[in-house]
Amino acid sequence: MGSLSDIGLAAGINILSALGFLLAFAILRLQPINDRVYFPKWYLKGIRNSPRHSGNVVSKFVNLDFRTYIRFLNWMPTALKMPEPELIDHAGLDSAVYIRIYLLGRLKIFVPLTVLGFCVLVPVNWTSKTLENAQEVTFSEIDKLSISNIGQDTQRFWAHVVMAYVFAFWTYFVLYKEYKLIASMRLHFLASEKRRPDQFTVLVRNVPPDPDESVSEHVEHFFSVNHQDHYLTHQVVYNANKLASIVEKKKGLQNWLVYYENKHTRNPARRPTMKTGFWGLWGKTLDAIDYHTAEIEKLSKEEDAERERVISNPKSIMPAAFVSFKSRWGAAVCAQTQQSSNPTLWLTEWAPEPRDVYWSNLAIPYVELTIRRSLMAVALFFLTFFFIIPIAFVQSLANLEGIEKVVPFLRPVIEVQVVKSLIQGFLPGIALKVFLILLPTILMTMSKIEGFTALSALERRIPEIVGRSIPMKATFFISYIMVDGWAGIAAEIIRLKPLVIFHLKNTFLVKTEQDREQAMDPGCLEFASSEPRIQLYFLLGLVYAVVTPILLPFIIVFFSFSFLVFRHQIINVYNQQYESGASFWPDVHGRLIVAMIVSQLLLMGLMSTQRAPQSTLLLGLPVITICFHSFCKGRFEPAFVKLPLQDAMVKDTLERATEPNLNLRDYLKYAYIHPVFHSDDIEHPLAIEEEERNPLVATKRNRSTPGDSKYASETSSDINF
């Protein structure tokens, strides 16, 4: 059972660790040699120049201006100065809304809850003497501040019931206002956003086979008939997964070749050698440059053969295509309507942004996709169920009695007060942190197997699991919050891994300034790992707000510190791979609703075990929460999944007026070609060029009778289900 002294020791260790990381960052960011690591976004925008271009040899590596060290903490106010509209222009709406999640948790939800909890619940809990009067009950000072100190069947539970409703309605109010604001921000962002290929394009899945036409011809035929005034062009989807793996392998070998060539340049008298065995630890010794050159030539031939196979083999074309339209209005109509009387054919959805496409999963057939999702749903259930086991094991580390039973010979060491405080106040948080680091990787792999076609969809899928089976133990989670939310967030800003990798590349691979730019990895916001962390903290805060309010200040520190650190990173470091226009917000809102329901059910169960008759009054809370979620979903979610036709028409009209000579076909021509083809001069089976001049392009069957093919019933009304 963790005591205040245990919490104090853990707090001291984590505060010192956080201060150490911040001090190291403040010094490292001032050094010219690290400038590209800590300010890469400004280099990508072409605004910042390397400070290593001027000055003497020493000043190119070390900052000799000691006045800058006096202002080493000026990054904190600077991170807060950029207004939100400017932040959206600078980093995108995704990043700006991501930052608002921390602001939501810190200022809007948990600060008011903390004030009310400390003013009302803490005195009610503290003045009850239940634990002190109980016999043979082990408790800590923190437990006296919690609902555990309330006796059975007492009127004091009225305070907890009233506060549960007050907390819930305040959270409803805040979430409603935030959902409304972000929906408005999204619509404004989409209306003011520059032209992008995904605004004109839909992804079509489950194209039915046709014996008379290829997939490309069938797609062109179908949309020319059914969207004849708006259809522009299309790009079929290739199964180029094998080709992509060859290209990736070749790229890795080319990087090694550059490394060995640079090594040989520095020491021309000696040719670099390598071993062909595992990790180069054993095997036959060969000339490294000759070996990699030969392997690259071999892969180049294999790549050419595979590319030719993909282009020429009809079986390499999947029953899917990216279909582009002459206007945003035409694309919106297609993406948001049913294309066929058979709802399982010609499935349309908004195309992801080209950078957001997860190409590997586009090659999955529709039937296989359905099977995969069913299997992953079952696997997800078992993962959720067995998630309790490692959490219970990690929590047992906070129980000294359990450790002493397993390793009794360590009892004399464990009973030392400093060691005891360290075990109970620090190590459990570390152990849980390590476990939760592995979980997003497992879930990301499952999401890829499940078949999502966009990176943003993959990352949004993941946070649904983390934090659902969290046991109630305040001191255990206070320890975790300090390890992860204090020291962990401070470690984020120092960017240790990118710093080391950049200098390794700079030492061994870089020959030119262009090489140095390529060695710079700005990274991006990892929603797959960062959002589950946020979800966990919201869950902990909502669960313990009524049960043990003493935990809330620790959570406020996490949200405040995270808001500052990630705002700095978004402004100076991260370069997002894609922009979804904050499409992840409904998922965030939904998971906060789940956290509220879990907290309400846990409170209800806890009060019922203490024979509190007031617990029945909590039955209405989950019902109200579900109704609130349904209202918000109906009121605001359409803004995140649909584009209003009125807005699309306004934007199209404005674009035609300002750019009357825009050649949209050329703009969209190669937008959705698989990345492995981008650098090649290859004839791709795009829509026939004649169609723009003659919308009734000649095909292998009569266009006026689209039902002639036995597979073409999707255009008629005689579908048999």
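A residue counts as buried when its relative accessible area is under 20%. By that cut-off, 51% of the 721 residues of the protein chain are buried. The model is a predicted one. Its protein chain has 31 helices and six strands. Among contacts in the chain with a separation of 6 or more, 81% are between residues 24 or more positions apart.

**Stop 1**

Select β1 (201–205), β2 (231–238), β5 (317–325) and β6 (347–350). In which order do the four strands of the open sheet run? The order is β2-β5-β1-β6, with antiparallel pairing. β2 and β6 stand at the edges and have a single partner strand each, so one side of each has no neighbour in the sheet. From one strand to the next the twist averages 30 degrees.

Zoom in on β1 and β6, which pair in the antiparallel sense over four bridges. Here leucine 203 stands opposite glutamate 349 of β6.

**Stop 1: lysine 326**

Go to the loop between β5 and α13 (328–335), where lysine 326 is found. Is this lysine 326 buried or partly exposed? Its relative accessibility is 41%, and lysine 326 is therefore classed as partly exposed. Show what surrounds the residue: beyond four places in sequence, lysine 326 touches Phe200, Asp229, His230, Tyr231, Leu232 and Leu664. Draw a C-alpha to C-alpha distance from lysine 326 to threonine 201; the two are 9.4 Å apart in space and 125 residues apart in sequence.

**Stop 2: α9 against α27**

Select α9 (residues 157–192) and α27 (residues 585–609). The two axes come within 11 Å and cross at roughly 175 degrees. An angle over 145 degrees counts as roughly antiparallel, and α9 and α27 therefore run roughly antiparallel to each other.

To see the contact, show side chains on both helices. Those from α9 include Phe157, Tyr172, Leu175, Glu178 and Tyr179. On the α27 side, Trp585, Pro586, His589, Met596 and Gln600 are among them. The residues of this contact divide into 15 nonpolar, three polar and one charged.

**Stop 3**

Glutamate 178 is buried, at a relative accessible area of 2%, whereas lysine 108 is partly exposed at 24%.

Then select isoleucine 109, also in helix α7. Isoleucine 109 is buried, with a relative accessible area of 2%. Leaving out neighbours within four places in sequence, isoleucine 109 contacts Leu104, Trp170, Thr171, Val174 and Phe538.

**Stop 5**

Side chains of opposite charge can pair when their charged atoms come close. In this model the count comes to 20 salt bridges.

Select glutamate 353 and arginine 196, whose side chains meet in a salt bridge at 3.8 Å, N to O. Which parts does this pair tie together? Glutamate 353 lies in the loop between β6 and α14 (359–362), and arginine 196 in the loop between α9 and β1, so the pair joins parts that are 157 residues apart in sequence. Both glutamate 353 and arginine 196 are buried.

Next select glutamate 303 and lysine 250, which form a salt bridge with the closest N and O atoms 3.2 Å apart. Glutamate 303 is in helix α12 (residues 288–312) and lysine 250 in helix α11 (residues 241–266), so this pair ties together parts 53 residues apart in sequence. Glutamate 303 and lysine 250 are both buried.

Definitions and conventions. Residues numbered from 1 in each chain as written. Predicted model: local features only at pLDDT ≥ 70, side-chain atom pairs only at ≥ 80, totals over all residues. Heavy atoms only, no water. Salt bridge = Lys/Arg side-chain N within 4 Å of Asp/Glu carboxyl O. Helix = DSSP H or I, 4+ residues; strand = E, 2+ residues; numbered from the N terminus. Buried < 20%, exposed > 50% of the residue type's maximum accessible area, 1.4 Å probe, protein only. Pairing = 2+ DSSP bridges. Axes fitted to C-alpha atoms, helices over the stretch in contact; angles between N-to-C directions. Contact = heavy atoms within 4.5 Å. Parallel < 35°, antiparallel > 145°, perpendicular 65-115°, else oblique. Nonpolar A, V, L, I, M, F, W, Y, C, P; charged D, E, K, R; others polar.
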